[in-house]
Amino acid sequence: MPLQTLGLKVNRDNSAMHRLPPTVQPEPSVLPWDNRFQQLGTHFYTPTLPQPLPAPYWVGRSPQTAALLGLDAIWLGSDKLLQAVSGNLPLHGTEPLASVYSGHQFGQWAGQLGDGRALLLGELNGLEVQLKGSGLTPYSRRGDGRAVLRSSIREFLCSEAMHALGIPTTRALCVTGSDLPVRRESMETAAVVTRVAPSFIRFGHFEHFSARGQIPALRTLADYVIDRYYPACKTPAQFNGNTYAALLQAVTERTAQMVAHWQAVGFCHGVMNTDNMSILGLTLDYGPFAFLDAYHPGHICNHSDHAGRYAFDAQPDIAHWNLYALAQALLPLIESQHLAVQALDTFKPLCDQHYQRLMCAKLGLPAKGPTDPTVLIDDLLALLARDRVDYTIFWRSLSHGRVQNQYEAVRDRFIDRLAWDTWLLRYQELIALDGQALETNLMLKTNPKFVLRNYLCEEAIEAAQQQDFSAVQRLLNVMTHPFDEQPDAQAMAGYPPDWASRIEISCSS
Ligand code: AMP
Ligand code: MG
């Protein structure tokens with residue numbers, strides 16, 4: 001648009017005297033890119049360039065993740081990064097690729113999938129940097145290779161929020177948006193989320209080569225993962241020295257820990273297909289996820305999940321099922337069904353053990369106290385479910401109650417107050433038995449005040465769709481300090497509004 005149209009007077013005098021000094025954009029440093037996954041060979045991927053995202057703008061940026069990558073403030077503020085992560089400017093040293101994987105979706109073998117809209121740029125500081133929504137790849141199938149603003153903001157915020165809650169997860173560096181229209185259930189606009197993890201290898205990568213009988217490739221992949229991420233598996237003390245059984249067990253342990261965290265914090269993933277399961281036990285591929293509002297163990301957060309396969313309380317069993325699929329894929333390397341089953345059998349006890357440890361911490365009880373708190377925990381969850389008490393608000397108010405030794409405000413959260421009183425007496429008995437060994441303030445560092453509820457995401461998304469990105473950045477700031485009081489953000493710690501229960505999020509993103 002010519003400046004005159006904006007009503008601005010244009011000074012045509014170009015003499016040096018009147019000219020402002022040019023703004024100096026400091027040049028970002030050269031980045032030491034590496035890509036060890038790429039060195040595995042083209043069996044595992046297809047080199048693919050991102051498609052340009054027209055006229056991109058910043059939607060959100062995470063300084064913490066930038067620091068992990070060694071990107072300073074100059075980089076994070078640079079037009080170079082904006083253009084690079086939007087697919088408009090190749091960064092020297094990167095050789096983007098789309099990896100191939102397969103997987104089981106909703107319990108059925110889905111065959112080849114692959115990075116249909118993601119590209120691995122390379123590694124910085126030992127961390128892989130991936131673009132999601134960067135256009136068509138050889139694995140796009142019927143998709144358009146794009147991600148929409150809505151889902152990109154959700155993934156960006158939740159990755160960072162989960163990390164701040166102490167839950168293993170992939171991270172997110174930034175989201176860039178564009179006015180490029182993208183068709184989903186309605187017309188939306190395109191965005192790219194740049195995400196970061198030590199590796200984006202999934203169970204589905206192993207399933208892919210195993211299903212095709214490509215055993216040398218399967219072995220190359222397993223050896224790479226062991227060498228880089230599970231070196232202790234090279235000389236395992238258990239499993240008769242079987243390296244691949246040890247790998248299966250190590251992945252089982254990491255997965256059990258991750259799911260125990262989900263159950264303790266009230267996180268529902270929504271699409272636990274084997275292609276969304278990280279070989280490092282990281283929460284991966286944020287889609288229709290939800291943090292529970294009212295405690296409802298059977299909560300189904302994915303609107304497309306009609307049978308409730310991925311309901312909240314089904315998550316541990318589904319993780320175990322997925323590990324079976326991984327075990328099946330690794331069997332040609334393990335060469336012993338007995339050892340594979342032995343590794344898989346560690347899932348349930350490990351998951352229970354981690355869950356119990358986390359729940360004890362939430363209750364402010366020592367993990368190995370004189371009495372077993374299992375029944376107390378189960379009875380509490382039954383009470384919360386019966387009265388549909390808000391899960392996060394309950395734990396935070398219990399923490400304050402414990403610190404002040406005053407539980408009236410907690411009592412008010414229940415309908416059946418007599419049942420609560422009875423439970424509280426048992427809880428107090430246990431505290432007395434355990435000699436109050438724990439610092440009570442610890443509960444406030446264990447039970448978050450803030451979780452990324454769906455309605456909070458929705459509000460930030462709606463503002464972003466009107467080109468106001470301040471709510472995204474503000475939500476990021478609040479959610480990256482979930483245990484702090486942050487009085488200015490009090491409204492984000494309250495009950496969700498009525499309309500929150502009508503939010504429907506499906507796989508389509
Ligand atoms: P997801 O449900 O996001 O985990 O994706 C499952 C599979 O579909 C993966 O192979 C994705 O790369 C692919 N996919 C999802 N959305 C798209 C899209 N818009 N374009 C191309 N591939 C996609
Ligand atoms: Mg996926």
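So, how are helix 6 and helix 8 oriented to each other? Let me start there and then walk you through the rest. One thing before we go on: this is a predicted model.

Okay, helix 6 and helix 8. Their axes come within 10 Å and cross at roughly 100 degrees. Anything from 65 to 115 degrees counts as roughly perpendicular, so helix 6 and helix 8 are roughly perpendicular to each other. If you want to find the spot on screen, look for Ile215, Leu218, Arg219 and Ala222 in helix 6, which meet Ala329, Pro332 and Leu333 in helix 8. Sorted by class, that contact of helix 6 with helix 8 has 6 nonpolar residues, no polar ones and 1 charged one.

Let's zoom out for a second. The protein chain has 16 helices and 12 strands. Its C-alpha atoms fill a box of roughly 85 × 60 × 40 Å along the principal axes. For 509 residues, you'd expect a compact globule to have a radius of gyration near 23 Å, and the protein chain comes out at 25 Å, which agrees. Of those 509 residues, 56% count as buried. And here's one on contacts: take the ones between residues at least 6 apart in sequence, and 72% of them join residues at least 24 apart.

Now back in, to helix 5, which runs over residues 203–211. This one is mostly covered, with 8 of its 9 residues buried. Those buried residues are Phe203, Gly204, His205, Phe206, Glu207, His208, Phe209 and Ser210. What do the buried residues of helix 5 pack against? Quite a list: strand 3, strand 4 and strand 5, plus helix 6, helix 7 and helix 8.

Next pair: helix 11, residues 374–386, and helix 12. They pack at an angle of about 130 degrees, with their axes 11 Å apart, and they are therefore oblique to each other. The crossing is right-handed. Here Leu380, Leu381 and Leu384 in helix 11 meet Tyr391, Phe394 and Trp395 in helix 12. By class, the contact of helix 11 with helix 12 divides into 6 nonpolar residues, no polar and no charged.

While we're in helix 12, let's pick out arginine 396, which lies in that helix. Is arginine 396 buried or exposed? The cut-off for buried is under 20% relative accessible area, and arginine 396 has 7%, so arginine 396 is buried. Setting aside neighbours within four places in sequence, arginine 396 is in contact with Leu444, Asn447, Pro448, Lys449, Phe483, Asp484 and Glu485. For a sense of distance, the C-alpha atoms of arginine 396 and asparagine 322 are separated by 33 Å, and the two residues are 74 apart along the chain.

Last stop: helix 4, residues 149–164, and helix 15, residues 454–465. Their axes come within 10 Å and cross at roughly 130 degrees, which makes helix 4 oblique to helix 15. Helix 4 passes helix 15 in a right-handed crossing. On the helix 4 side the contact uses Leu149, Arg150, Ile153 and Arg154, and on the helix 15 side Asn454, Cys457, Glu458, Ile461, Ala464 and Gln465. The classes in the contact of helix 4 with helix 15 are 5 nonpolar, 2 polar and 3 charged residues.

How values were computed
Residues numbered from 1 in each chain as written. Chains lettered and ligands numbered in written order. Predicted model: local features only at pLDDT ≥ 70, side-chain atom pairs only at ≥ 80, totals over all residues. Heavy atoms only, no water. Buried < 20%, exposed > 50% of the residue type's maximum accessible area, 1.4 Å probe, protein only. Helix = DSSP H or I, 4+ residues; strand = E, 2+ residues; numbered from the N terminus. Contact = heavy atoms within 4.5 Å. Axes fitted to C-alpha atoms, helices over the stretch in contact; angles between N-to-C directions. Parallel < 35°, antiparallel > 145°, perpendicular 65-115°, else oblique. Left-handed = near helix turned anticlockwise from the far one by under 90°. Nonpolar A, V, L, I, M, F, W, Y, C, P; charged D, E, K, R; others polar. Rg over C-alpha atoms; globule rule 2.2 N^0.38 Å.
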